[in-house]
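Subject: Structure for you to look at

Hello,

As promised, I am passing on the structure we spoke about. Please open it first; my notes follow below.

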Amino acid sequence: EILVIDFGSQYTQLIARRVRELKVYSEIIPCNAPFSEIEKRNPSGIILSGGPASVFEKDSPSIDRKIFNLEIPILGICYGMQLITHLLGGKVSRAEKREYGKAILKIDDFSDLFAEIKNETVVWMSHADKINEMPEGFIRLAHTENSPYAAMADKVRKIYALQFHPEVVHTEEGKKILKNFVFKICGCKPTWNMHSFVERETEEIRKKVGKYKVVCALSGGVDSTVTAVLVHKAIGDALTCIFVDNGLLRAGEREKVEEMLRNNFHINLKVVDASERFLKRLKGVHDPERKRKIIGGEFIKIFEEEAKKIEGVKFLAQGTLYPDVIESISFKGPSATIKSHHNVGGLLKRMKLKLIEPLRELFKDEVRELGKELGIPEEILYRHPFPGPGLAIRCVGEVTRERLEILRQADKIVLEEIKKSGWYKKVWQSFAVLLPIRTVGVMGDERTYEHVIAIRAVHSVDGMTADWVKLPHELLERLSNRIINEVKGVNRVVYDITSKPPGTIEWE
Ligand code: XMP
């Protein structure tokens with residue numbers, strides 16, 4: 001195992017991911033974890049991440065010096081390098097010029113970390129402080145125009161340090177450099193894969209849970225499904241999944257979830273039909289934020305009611321992914337950011353539950369790979385994201401049973417056609433929105449005055465920014481025809497051509 005110690009860099013997770021891509025297991029711990037945690041894990045190598053702090057600041061994050069006596073190879077990256085220098089008696093100074101972006105690295109020593117790297121190679125820098133004097137015992141491995149010590153090492157103690165970021169794609173030979181560290185210097189073997197991840201995680205979950213019970217809120221999406229199947233593999237019937245049918249789901253959603261979890265995986269599944277309750281609370285509500293709050297609040301209440309019925313529950317399993325915790329995993333504090341609609345913080349406290357988040361180290365594509373390893377069908381693993389508040393935030397204006405039904409039918413047609421045409425896998429999300437207006441039309445020889453459906457399809461990598469998809473006109477034509485012919489109450493279809501920003505992906 002390679003242990004990554006996090007000093008708050010936005011790239012920390014990327015380091016762990018790159019190591020896993022080399023088929024070596026890697027995990028992250030925050031830099032304020034007790035030293036015994038490192039000793040206990042006894043990793044084959046340690047990587048100190050970058051971070052936003054400066055070693056000159058008061059209370060800047062640090063690490064126990066004993067780490068240098070463990071005889072475990074260490075690689076410091078950026079802040080990690082400055083910290084090594086600072087702690088071992090070298091000199092760090094504020095650079096006159098901050099160095100950010102591309103730089104040409106010139107190699108001085110090709111023997112291990114830079115074995116088989118080009119003489120001059122492009123690297124990615126992002127730092128304000130730099131090394132002026134190396135600690136005793138260190139030699140220079142490489143330099144750039146601005147950084148006389150862009151890479152250094154104490155080869156006897158196997159301590160290596162880089163001023164640049166080998167984990168980002170802009171560092172052209174970054175992967176090779178990490179490979180050299182992991183294999184040549186730490187002596188790891190490339191034996192890890194998703195199969196070993198499953199073995200390791202299930203073992204850990206079993207140990208953690210002991211004789212207690214676990215609940216999991218199942219949404220039917222990729223993350224919660226993979227979490228449920230993984231936890232079930234670990235503890236079987238000690239897991240109960242709760243699926244709340246809030247009446248705001250897509251066509252056939254609930255049936256699909258029931259079929260898969262009960263019949264395929266034999267998971268304890270409790271389905272709560274709460275559509276009445278949600279719709280009652282949403283009556284007369286038009287404001288998007290109020291809708292979200294009501295739905296979030298109601299969900300937590302129902303979930304808690306159900307969870308309390310299970311005896312011996314001590315844990316809540318959640319499909320939190322790394323991007324969800326990106327800002328909170330670091331040393332700043334233990335509180336994980338939880339998606340606003342599933343504000344489970346209060347629930348955890350009230351019910352004295354602890355979290356199990358087996359996916360928290362993974363990226364979405366790794367979760368899909370894990371899902372495949374667990375035998376979850378592709379149809380589920382490649383599903384588009386669906387918001388917690390469901391169709392309510394795509395039903396602009398008041399949410400009623402009748403309006404939801406119109407939206408549900410239109411949405412079903414959008415998904416069917418998008419899938420049939422092969423676009424489903426090419427886009428991030430595609431769906432229908434019901435607008436709160438009526439417009440005039442003519443059907444047969446009669447005047448109509450009916451609802452408008454908007455179609456939305458976007459490309460995105462992470463949901464943070466998005467661009468509308470240039471769907472072929474023929475496909476849009478088919479969508480429009482089918483929706484107007486098949487969905488009663490709709491006489492007009494429009495296509496949303498707004499990117500994010502300035503628009504958001506959802507309409508509310
Ligand atoms: P927006 O509309 O903010 O959406 O551009 C970005 C991505 O997040 C999804 N989304 C949500 N997901 N709970 C969720 O789990 C929510 O409350 C929520 N709101 C938006 C949205 O579908 C898109 O993928």
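A residue is called buried here if its relative accessible area is under 20%. Please keep in mind that this is a predicted model.

Helix 12

By that cut-off, Glu366, Val367, Leu370 and Gly371 are buried in helix 12, which spans residues 364–373. Viewed down the helix axis, the buried residues of helix 12 lie within an arc of 145°, so they line one face of the helix.

What do the buried residues of helix 12 pack against? Their partners are helix 1 (12–21), helix 5 (194–209), helix 6 (222–235) and helix 13 (378–381). After helix 12 comes Gly375, which has a positive phi, near 85°.

The ligand

There are 13 residues around the ligand, and those that come nearest are Arg292, Gln429, Lys500, Ile505 and Glu506. By type, the shell consists of five nonpolar, five polar and three charged residues.

The side chain of Arg292 has an N or O atom 2.6 Å from an oxygen atom of the ligand. Ile505 uses its backbone instead: an N or O atom there is 2.7 Å from a ligand oxygen atom. At Gly388, a polar backbone atom lies 3.2 Å from a nitrogen atom of the ligand. On its own the ligand has 490 Å² of accessible area, and the protein covers 80% of that.

Regards

Note on methods
Residues are numbered from 1 along each chain as its sequence is written. This is a predicted model: local features need pLDDT of at least 70, side-chain atom pairs count only at pLDDT 80 or more; totals for chains, interfaces and linings use all residues. Side-chain values use heavy atoms; hydrogens and water are left out. A residue is near a molecule or strand if one of its heavy atoms lies within 4 Å of it. A polar contact is a pair of N or O atoms within 3.5 Å; within protein, one must be able to donate a hydrogen and the other to accept it, and residues adjacent in sequence count only if both atoms are side-chain atoms. Accessible areas come from the Shrake-Rupley method with a 1.4 Å probe; for residues, only the protein chains shown count as cover. Ala, Val, Leu, Ile, Met, Phe, Trp, Tyr, Cys and Pro count as nonpolar, Asp, Glu, Lys and Arg as charged, and the others, Gly among them, as polar. Buried means under 20% relative accessible area, exposed over 50%, partly exposed in between (1.4 Å probe, protein chains only). Helices (H or I, at least four residues) and strands (E, at least two) are DSSP runs, numbered from the N terminus. The arc is that of the directions from the helix axis to the C-beta atoms. Contact means heavy atoms within 4.5 Å.
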